[in-house]
Amino acid sequence: MSDTMTAASPGGAPKVSRINEAVIRIAGNSQDGIQAIGGFLARLAGRSEQEVMTFMTIPPTISGGPSIFQVRIGSGEVLSAGDEADVLLALYQHSYEEHIGSLKKGGIVLFDADHVEPKPEWQKDYHHVGIPISTLAVEAIGGTAKDKGKNIYALGLIARTFDLNVPKLEKLIAERFGGRDESIVKNALVAFHAGYSYDTGNLLETFKFTEGPGKGGHQVVMNGNEALGYGLIAAGVRFGAGYPITPWTDVMELLRRELPKYGGSFIQCEDEIASISMAVGASYAGRVAVTGSSGPGISLKSEALGWAVMAEVPLVIVDVQRGGPSTGLPTSVEQSDLNIARFGSHGDSPRVVLAPANVEDCFYTAIEAVNIARKYNVPVFILSDQAIATRIEAFPEPNLEKVCQDISPDLTMVPDFTPYDLSTPDGVVPRVVPGTRIASGKYPVATGLEHDEAGHPTGAPKMHQAMVAKRRKKLLALQATVPVPKVHGPPEGNVLLVGWGSTQGPIREAVDRARAAGDSISSLHIKYLSPLPNRLDNIFSGFHHVFVVEMNDEGFYGYGQLAGMLRARYCDPRIRGINKTDGLTWKVKEILAAVKLKLSSNGRAAKTV
Amino acid sequence: MSETITESPLRVDVPVAAPPPDSGRKGLTKKELAADHPTWCPGCGDFSVLALYFKLIEKSKLTHEQFVSVAGIGCSSRFPYFVQAHGVHFIHGRALPFASGISLSRPDLHVFVFGGDGDAYSIGGNHFSHTARKNVKLTYVVMDNWVYGLTKKQTSPTSPLGFKSKTDPWGAVDYPINPMKQAIAAGATFVARTTSTNPNHVLAMMEAAMNHDGFGFVECLSECVEFYEGAFDAANPRKGGMFKEVPKDHDATDEQAAYQLAGTDFPGYFGILYNINKPTKNAKEAEINRGMMEKVKGLKDWQILQKNFDRMR
């Protein structure tokens, strides 16, 4: 809660402080519905023109297990879910003990006095407020509800503490629980008001958010998987196929539910291989289709992916990355699939890889991926990750009338068709899909065998060389259109942090914080990972150090997967890695500490950072 | 909006539907349908299946806009190259899911899938079961030669016990698959068996499979003269064998009876073993879509999406 301005509190009443942002961490068990509280807070922030970002951990177990949900709400720019919490709501002893460390010194710990025994040694560092949440929730809504209303009761407590907009929250609660049994909404509202009106006396001050700058227009609030799914629909995708795997499953569930409204289908297949095969089949048949998975499933899809490269059939493949290898950490985040997205599959199989930077970007990247796939007839990866998939953000509502597109195939008769024509300057040949009459009477076979221009199999050495070059050339044509990313901060200085995917926010926040302290540091975010944008070396040359910040291993040589690619391309020894593999998102302070360490271990003066 | 490098065109309503075939057009002829000369060995049973496929297309008066031929990997899977029509040569064992992707997204196209025993029952075994159970509308013709031919004589999932191959020099030890039993057990709605040495029968079975509304499966014995010569002589009257048709009183809707016929010792019975009508995957998905589309009737696609976004404000 930066920039706290404390107002005088007359007559011993709880004081009111004005704040411009707050980090609230709710710790409990996964079945307590704490994600729902977080969701309400995030959506409220979105409707109040505030910025918001959430962070959650979920146990990989089927039901139960410790879980947290962290919400950072701000009237200004919110780039990460926050390193330290201002308020911790702890529902159990384990929640209290595990997460007190994430609370900043002097922060408030609101705990369920029915389940938590506070530790005397922590009392001086943190402001403890115990409330028998379980008992009071049951009292409020009646004995039969068991633990059910606890989360909403706690939401009421938080609403009082942060003087949140009650009518808006009531509306959100009614929307969330509405449509079912009338009494459910009623009970929820009763629990909420019981929490809201709980009298903490002088124990707890009240915080009030300052007004944001006001963005105008509507904001929408959703998580990355939702944004990705809806983005695919906006892009005109009407067919997909997949197999359930965490954390990709939400995307497939959404598409299964939504696509029929548009006359489309999402098919749950018997396995990952069938999924990509079916999606490529549908793509071949006309509209770009989608498949997706997480690490283990992506491995299984590699062969069919190579076919799409060879046959030049478009496809969108979503990879919601999780910790690997193998089954790995199903509910944790990692950026360790860049290599498989970029190189996975045998032979020389160039493809496109894009990584969205935030939830909003998931929506637009989906459209971008579809359009690149259909323009260049190539598979396009969208590399999302567990963190971006599950985190909730508010962003300006897209102009759907403008962005929604129709990608139906054109089946008008053509005079002749050479599917793998080598004479086009950029290697791109617009497709003619099945169902199209070809006047010459010569029809194409889409094939995974090396082929001549007409699609006939051939092993002729020169033809293979020419076709390999053609498939490369197409993507070089794409590369020529990829914008050079803009540097965040001055274009010259001591340190440049390079990142990709979901780490954009924390990296920018790290840069902003270090710069505010006088350090010479900037950052660069790379969205187009294959092919890479041109002229990155010009940017690198403005800095003494280029540190690539990634959530993957530093490998044998001290740098991660993107750093490896940048090194291979630029042979620049200044490019080094800042890596971690703890399955959690980067904290701003972790990035800054790592930069400091890298600089000092380098033997150079570490004075600037 | 985030950085993008391609323009999003404004939406244009173009429904996916094949242009209606010219009323004056005749069905395709064998001459129009024949493409590259097959690379199969002289005497291969697959020649017969190809010739009868041409005949089937000709007879059914299908135009080039109305069908696709799909195959996986193997000798018989070279099939699409020899047909002058939209075709696909996909990867090993995955022709069925690929074909399902076409079938489920393009109701205007009839999808024919061709393959061999390795493609269908070994590497593609999982897809065989699931495509059958889902009753995806397509026609699947498996040219079963009981051996891996393209890789030059290894044991196949239908090789009989004792068959000497390069991977079983002492004779095959694994119990072979019975494709018909497998198909019936998986829930296939049309299961037929034929042999390439009886052309009229092959055509009749392919035609019945094509006209079946659902997963139409034809197991066609097709001799590999190079690596398993004489494998099917016992089913060929010209080689002193016996071509036994499914008994006239066989009830093809009776699963138990079909299973029993399928289990008869070689050369067994030829004909339609099993044939029932069940709603296809295609029809079920279309029904879901009709229901869902009714709820958003009159709305443009972007307006349907807008309704979701309104709830996320």
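**View 1. Chain A has 19 helices and 24 strands.** Helices (H or I, at least four residues) and strands (E, at least two) are DSSP runs, numbered from the N terminus. This is a predicted model, in which local features need pLDDT of at least 70, side-chain atom pairs count only at pLDDT 80 or more, and totals for chains, interfaces and linings use all residues. Residues are numbered from 1 along each chain as its sequence is written, while chains are lettered from A and ligands numbered from 1 in the order in which they are written. Along the principal axes, the C-alpha atoms of chain A fill a box of roughly 90 × 65 × 45 Å.

**View 2. Seven strands of chain A form an open sheet.** The order is β12-β11-β13-β14-β16-β15-β22, with mixed pairing. Two strands pair if DSSP finds at least two bridges between them. β12 (265–268) and β22 (528–530) of chain A stand at the edges with a single partner strand each, so one side of each lacks a neighbour in the sheet. On average, neighbouring strands are turned by 25° against each other, direction ignored.

**View 3. At one edge, β22(A) pairs with β15 (residues 352–354) of chain A.** The pairing is antiparallel, over two bridges. A:L354 has A:Y528 in β22(A) as its bridge partner.

View 4. Axes are lines fitted to C-alpha atoms, for helices over the stretch in contact (C-beta atoms, placed from the backbone, within 7 Å). Angles run from 0 to 180 degrees between N-to-C directions.
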